[in-house]
Amino acid sequence: MAIPGVPAHTVAEIKLEYGDALLAAGYIWDASLVYGQVDKGFKYDFLGESAKFKSSKVHFYTGNFELAKAQLDILKGATTKLIANDAMLLSVLITDNSTVDTSTNPLQLYADADLLVFQNRFAVARLKLDSIKANYPGHVLEDEILFLKYRMAYKELEFAKAAKFLEDIKAFYPTDILADRAIYYLAELYQFKLNNEQKAKELYQLIITDYQDSLYATESRKR
């Protein structure tokens, strides 16, 4: 970032990486400031949208759910489909778990765990997730918890265990908002990590037939 003459877009990309590094190291508000700089400088660009999403995640992690949702709702119209989809998923998650008659304690525990997974602090993250299951049995966050456990297993290169978490989402939450993503990632696991192309084909086909409006339908057809 200190080298003179580096193109502005490149500096912005580096700043996003720097913000991620700060967040991973626990400097949450420093990361937020860096993301804010990129958001301000590239408002109508993919980089600005990416920075705004990362900034909204910081608000989510720190329990400022109302501000996080306000930013996410803006991003639902993002030019990048993946960012728009991620923003929609997180916005729905906040809405479903922070209504007037619902305690936000489980959501905060989940947000804490989400940040811990980003920081690769898996043991503490699992304790947070298990405490939701113990104290709030049958909570609507259960499919999200399974997905977070999949992410940890994947990072630890335990691909069979990662597949099991996604299989559980497919089996028990087939109509929930995460279902198509879980099935697509499961197909990728079978194709690229577990060497079962036939199983991968069946899962890609399932997305094409049962989740036609999915963000992953076109790529599933190609696969």
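User: In this predicted model, which residues lie nearest the centre of the largest pocket, and how many residues line it?

Analyst: The largest pocket is lined by 35 residues. Nearest its centre lie Phe53, Lys57, Asp86, Arg151 and Arg181.

User: What makes up the lining by class?

Analyst: The lining of the largest pocket has 22 nonpolar, three polar and 10 charged residues. Phe counts as nonpolar.

User: Which helices each supply at least two residues to that lining?

Analyst: They are H1 (8–24), H3 (46–61), H5 (81–97), H6 (105–118), H8 (142–155), H10 and H12 (217–222). The space in this pocket is about 1,100 Å³.

User: What is the volume of the second largest pocket, and which residues line it?

Analyst: Its volume is about 150 Å³. Asn85, Met88, Leu89, Asp176, Ile177, Asp180, Arg181, Tyr211, Asp213, Ser214, Leu215 and Tyr216 line the second largest pocket. H5 and H10 are the elements that give two or more residues to this lining. H5 gives the most, with three. By class, the lining has six nonpolar, two polar and four charged residues.

User: How are two packed helices described?

Analyst: By the angle between their axes and the distance between the axes.

User: Why are H3 and H5 called roughly parallel?

Analyst: Their axes cross at roughly 20° and come within 11 Å. The cut-off for roughly parallel is under 35 degrees. The angle falls under it, so H3 is roughly parallel to H5. The crossing of H3 with H5 is left-handed.

User: Which residues make the contact between H3 and H5?

Analyst: H3 brings Phe46, Glu49, Ser50, Phe53, Lys57 and Phe60. H5 brings Ile83, Asp86, Ala87, Leu90, Leu93 and Ile94. By class, the contact has eight nonpolar residues, one polar and three charged. Ser50 is in this contact, and Ser counts as polar.

User: What makes H9 and H10 roughly antiparallel?

Analyst: H9 (residues 159–172) and H10 (residues 179–193) pack at about 150°, with their axes 9 Å apart. Roughly antiparallel needs an angle over 145 degrees. The angle passes that cut-off, so the two helices are roughly antiparallel. Their crossing is left-handed.

User: How do you know which residues of H9 and H10 are in contact?

Analyst: Contact means heavy atoms within 4.5 Å. On the H9 side, Phe159, Ala162, Ala163, Leu166, Glu167, Ile169 and Lys170 take part. On the H10 side, Ala179, Ala182, Ile183, Tyr185, Leu186, Leu189, Tyr190 and Lys193 do. This contact has 12 nonpolar residues, no polar ones and three charged.

Methods:
Residues are numbered from 1 along each chain as its sequence is written. This is a predicted model: local features need pLDDT of at least 70, side-chain atom pairs count only at pLDDT 80 or more; totals for chains, interfaces and linings use all residues. Side-chain values use heavy atoms; hydrogens and water are left out. Axes are lines fitted to C-alpha atoms, for helices over the stretch in contact, and angles run from 0 to 180 degrees between N-to-C directions. Helices (H or I, at least four residues) and strands (E, at least two) are DSSP runs, numbered from the N terminus. Angles under 35 degrees count as roughly parallel, over 145 as roughly antiparallel, 65 to 115 as roughly perpendicular and the rest as oblique. A crossing is left-handed if the near helix is turned anticlockwise from the far one by less than a right angle, and right-handed if clockwise. On a 1 Å grid over the protein atoms alone, a cavity is a set of points where a 1.4 Å probe fits but cannot get out, and a pocket is an open set with protein on both sides within 12 Å along at least five of seven lines; lining residues have an atom within 4 Å of a point. Grid points are joined across faces, edges and corners, and a volume is the space filled by probe spheres set on the points.
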